[in-house]
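Visitor: I am new to this structure and would like a close look at a single part of it. Could you take me there slowly, and then show me how the surroundings are put together?

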Amino acid sequence: MTVAYTVALCTHNHADRLGRTLADLAKLQSPAAPWEFLVIDNGCRDATPELLAAHAWPTGWQVRVVREDKLGLSNARNRAIAEARGEYVIFMDDDETADPDWLCAYERLILDRKPDAFGGRIRVLFEDMRPPWLSDELLGFLGELNRADAIVPLTDPHTSFYGGNFGFRKAVCARAGDFDAMLGRKGSDNTGGEEVDFYRRVLDAGFTVWWTPEAVIHHRIQAAKLARSYFLDLHYRMGRMEAIRRRGGGSRLPPPYLFGQLLRALAAAWAVYRQAGRNATVRKEMNVAYFLGQIRGWAFGPRPSGR
């Protein structure tokens, strides 16, 4: 039987979160065309293998579990591409709950627009009380995303889909390449950006990318486990990777303007602290961490890998 869609879920040591994800997936409405569910066990050392082996999958589902021991989300994504039997590969994360209509919404988009790649809406779902410093402007850093309220093409390199809810025609990788293994989470290393890099290469290769707000996924957040340091570390690593990309094979001496930006970011954080207190400073502190990451990444980061 020809498979139209491969829904791929990559997981690493998240058995405590994966259980609910799999339970909620039982409510997913199947599309008209044949599809499969592919789980990439990315070197899990917790209870994930046992959880997957014991799980009662919905009747009629085609399910495969593949182990990829080379750690890293990009490595896991690339393994999913290699293993996928579907014409389209659609990714979700292991701590998400898909709307029942999620996959059918993507099928409608595929039939109507024939996209080469696409992304959908992500909503943050808090499982407990939000801390007072977690303002709405920080939700995007937890995965919240809504590029548009209508089905529209994505053409701007700066308005990518997010890694928790996107897909593409498998054949685009022959021209755009796979995911860069230097990017993406690796265990506790929170470095991201692999999907943004991939999105830009898809655009550069001349492929069409579409956005649909109808394909909704909920990113579940345990707010009690969140710390300010998560956002600071996230921005530090974003700055580091951006600097490594921009520097390329050039001089390791950071441009002088980066030090000026760092000083201005410090001054802005101090001004907000004096005016509104520490609960209001997180976003400004993230800017400080970003420019610190840029300076250190420019000076000490590795050279980009070739493809």
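Guide: In this predicted model, Arg-228 is buried, because its relative accessible area of 12% falls under the 20% limit. Arg-228 belongs to helix H7, which covers residues 228-247, and its side chain makes a polar contact, at 3.0 Å, with the side chain of Thr-281. Leaving aside residues up to four places away in sequence, Arg-228 touches Trp-133, Arg-278, Asn-279, Thr-281, Val-282 and Glu-285.

Across the model, the count comes to 21 aromatic pairs. In the pair of Phe-168 and Phe-198, the ring centres are 4.8 Å apart and the planes stand at 50°, so the pair is tilted. Phe-168 lies in strand S8 (residues 165-169) and Phe-198 in helix H6 (residues 194-204), so this pair ties together parts that are 30 residues apart in sequence. Phe-168 is buried, with a relative accessible area of 0%, and Phe-198 is likewise buried, with a relative accessible area of 0%.

In soluble globular proteins, nonpolar side chains tend to be buried together. Here the largest nonpolar core has 31 residues, of which Phe-91, Phe-168, Phe-198 and Val-209 touch the most other members. Apart from that core lies another, of 28 residues, including Leu-18, Leu-22, Leu-28 and Ala-98.

Two loop residues complete the picture. Asn-13, in the loop between strand S1 (3-11) and helix H1 (15-25), has a phi near 55°, a positive value in a residue other than glycine, and is partly exposed, with a relative accessible area of 29%. Lys-114, found in the loop between helix H4 (102-113) and strand S6 (117-126), has a phi near 50°, which is again positive in a residue other than glycine, and Lys-114 counts as exposed at 53% relative accessibility.

Terms used: Residues numbered from 1 in each chain as written. Predicted model: local features only at pLDDT ≥ 70, side-chain atom pairs only at ≥ 80, totals over all residues. Heavy atoms only, no water. Phe/Tyr/Trp six-rings, centres within 6.5 Å; stacked < 30°, edge-to-face > 60°. Helix = DSSP H or I, 4+ residues; strand = E, 2+ residues; numbered from the N terminus. Buried < 20%, exposed > 50% of the residue type's maximum accessible area, 1.4 Å probe, protein only. Polar contact = N/O pair within 3.5 Å; in protein donor to acceptor, adjacent residues only side chain to side chain. Contact = heavy atoms within 4.5 Å. Core = buried A, V, L, I, M, F, W, Y, C linked by side-chain atoms within 4.5 Å.
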